[in-house]
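Dear colleague,

I am handing over the structure below for your study. Please have it open while you read the notes that follow it.

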Amino acid sequence: MMSGNGELPKGWVWAQIADVTQQVPNVRPDAKPETTFGYVDISSIDNSSFTITEVRMLRGKEAPSRARRPVKPNDTLFSNVRTYLRNIALVPKALQAEVCSTGFTVLRPNSAVDPRYLFRYVLTDAFIDSVTPLQTGTHYPATSDRVVMSQRLPLAPLGEQRRVVAALEALLPKVETSRQRMDNISIILKHFRQSVIAAACSGRLTADWRADDSYENDLPTGWEWIPLKELLPPGGIFDGPFGSNLKSSDYTESGTRVIRLENIGHLRFIGEKETFVSERKYQTLRKHTVGEGDIIFSSFIAEEIRACVLPKLSTKAIAKADCFCLRPNAELVDGKYLVFQLVSQKSYNALFEEIHGATRPRVNTTQLRELEVRTCSVPEQREIVRRVDALLKIADRVEARYQEVKSRVDSLTQSILTKAFRGELVPQDPNDEPAEKLLERMRKREQSSKKKTVV
């Protein structure tokens, strides 16, 4: 998009936000007990649709003591806190609210700008990128009215503004519809993967592979439920070091890899996030060493179980606390097959009944050892792994293509806005009054009004 000094189309002009908005002084809501008023704060804004989704109705006695900002239809509410989050909304005509938090800059357009033109411009990357670096504060970085009002916008003639808005309101909903449809693909892929694992763990995936496809007690003939502990040799499950044995101050830029909870995905090792300890520290934690082929299991259980087979790493590695390592008996169970069983819905349901802890529920190694999993012959396990891998690779290819297309769709809104505020979205009309003349007429009108007020 154009910089503040960029060349504009004929009839356009660079204007400060202050040039196209009215001053909105703070007010104090009526504190009489019988008075009610609508109040909007940052939690009222949906920053995906840029709409106000909630208005709190307060009685006068509940009125906050400090001042608030009055709001009217067609005001743009721009949150000054963490501006990159884009908590921005255009106040609709039907909104039952009188005031908003002072955490907003209220942009009340004057007659030089269409309200929706102003609203769309403050959603652009260009505008957000201009105000975000000017925030101050560490925990709650925020900008100010002064900073927002001093920013510049490319102001088109009023007639062209309205044509730009009409074009945006025709195009952007289509982009949003496309985005929602793309989101459905992600949901479909998730359900597909879940169905593959369910079929694999129940024996349905290899029904055609077995000579006997009959069932007994909801299991294929020859299958059985076995406690996990019977598939593990002595010492085949262990946790990482707790407490002071491994602290964040022990981490180094290189050395022995530390496998943390953030590295454990659902059937996927997340290798991008790296943490290390020195060789000297590793020597004190050698008993927690993990390696290629080990199963890494997250003790914390939320919406799904996270477990994966550890791939070959470029360094030695240890598991951190709450990252269980399972080293199954290879003569009894294939490691990848066991991971499928561990992340299955059956295992989730069984472990969910065991979890404890109000804020971060988790299982322990004792509970995990008692978990019963479905097992079959090792040859069938390997066939299951082969088939699951093939199906999941198809899903991975579809997802890679989906992510590529999704990235393009996600950038489409900003691309359209960029064209709009460069004057490339709609044709110009030579009969439109230039924006500069409109601003000049407004300034003269304001000066005249001020003189009459003084007199």
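In this predicted model, ring pairs link five residues into a cluster: Phe78, Tyr117, Tyr121, Phe127 and Phe421. The count of aromatic pairs comes to six. One of them joins Tyr117 and Phe421, whose ring centres are 5.0 Å apart; their planes stand at 70 degrees, so this pair is edge-to-face. For this label, the planes must be over 60 degrees apart. Tyr117 belongs to helix H1 (residues 115–122), whereas Phe421 sits in the loop between helix H9 (378–420) and helix H10 (435–454), so the pair ties together parts that are 304 residues apart in sequence. Tyr117 and Phe421 are both buried.

A further pair is formed by Phe297 and Phe324. Their ring centres are 6.3 Å apart and their planes are at 0 degrees, so the pair is stacked. Phe297 lies in strand S21 (residues 295–298) and Phe324 in strand S24 (residues 323–326); the pair therefore ties together parts that are 27 residues apart in sequence. Are these two residues buried or exposed? Phe297 counts as buried, because its relative accessibility is 0%. Phe324 is buried as well, with a relative accessible area of 1%.

The next topic is helix packing. Two packed helices are described by the angle between their axes and by the distance between those axes. Helix H4 (residues 158–202) packs with H9 at an angle of about 170 degrees, and their axes are 10 Å apart. This angle makes H4 roughly antiparallel to H9, because angles over 145 degrees count as such. Sorted by class, the residues in the contact of H4 with H9 are 25 nonpolar, three polar and seven charged.

Helix H4 also holds Gln180. With a relative accessible area of 45%, Gln180 is partly exposed. In sequence, Gln180 and Arg82 are 98 residues apart; in space, the distance between them is 26 Å, C-alpha to C-alpha.

The strands deserve a separate look. Strands of a sheet pair through backbone hydrogen bonds, and the pairing is either parallel or antiparallel. Here, five strands form an open sheet with mixed pairing, in the order S17-S19-S18-S23-S20. Which strands are at the edges of this sheet? They are strand S17 (251–252) and strand S20 (289–290), each of which pairs on one side only. Within the sheet, strand S18 (residues 256–259) and strand S23 (residues 317–319) run parallel and are joined by three bridges. Arg257 stands opposite Ala317 in S23.

Finally, I turn to the cysteines. A disulfide is a covalent bond between the sulfur atoms of two cysteines. How many disulfides are counted in this model? The count comes to zero. For Cys308, the closest cysteine sulfur is in Cys323, 9.5 Å away, which is too far for a bond. The sulfur of Cys325 also has its closest cysteine sulfur in Cys323, at 10 Å, and this too is too far for a bond. The reasoning rests on a cut-off, because a disulfide requires the two sulfur atoms to lie within 2.5 Å. Cys308 is buried, with a relative accessible area of 1%, and Cys325 is buried, with a relative accessible area of 0%.

Yours sincerely

Terms used:
Residues numbered from 1 in each chain as written. Predicted model: local features only at pLDDT ≥ 70, side-chain atom pairs only at ≥ 80, totals over all residues. Heavy atoms only, no water. Phe/Tyr/Trp six-rings, centres within 6.5 Å; stacked < 30°, edge-to-face > 60°. Helix = DSSP H or I, 4+ residues; strand = E, 2+ residues; numbered from the N terminus. Buried < 20%, exposed > 50% of the residue type's maximum accessible area, 1.4 Å probe, protein only. Axes fitted to C-alpha atoms, helices over the stretch in contact; angles between N-to-C directions. Parallel < 35°, antiparallel > 145°, perpendicular 65-115°, else oblique. Nonpolar A, V, L, I, M, F, W, Y, C, P; charged D, E, K, R; others polar. Pairing = 2+ DSSP bridges.
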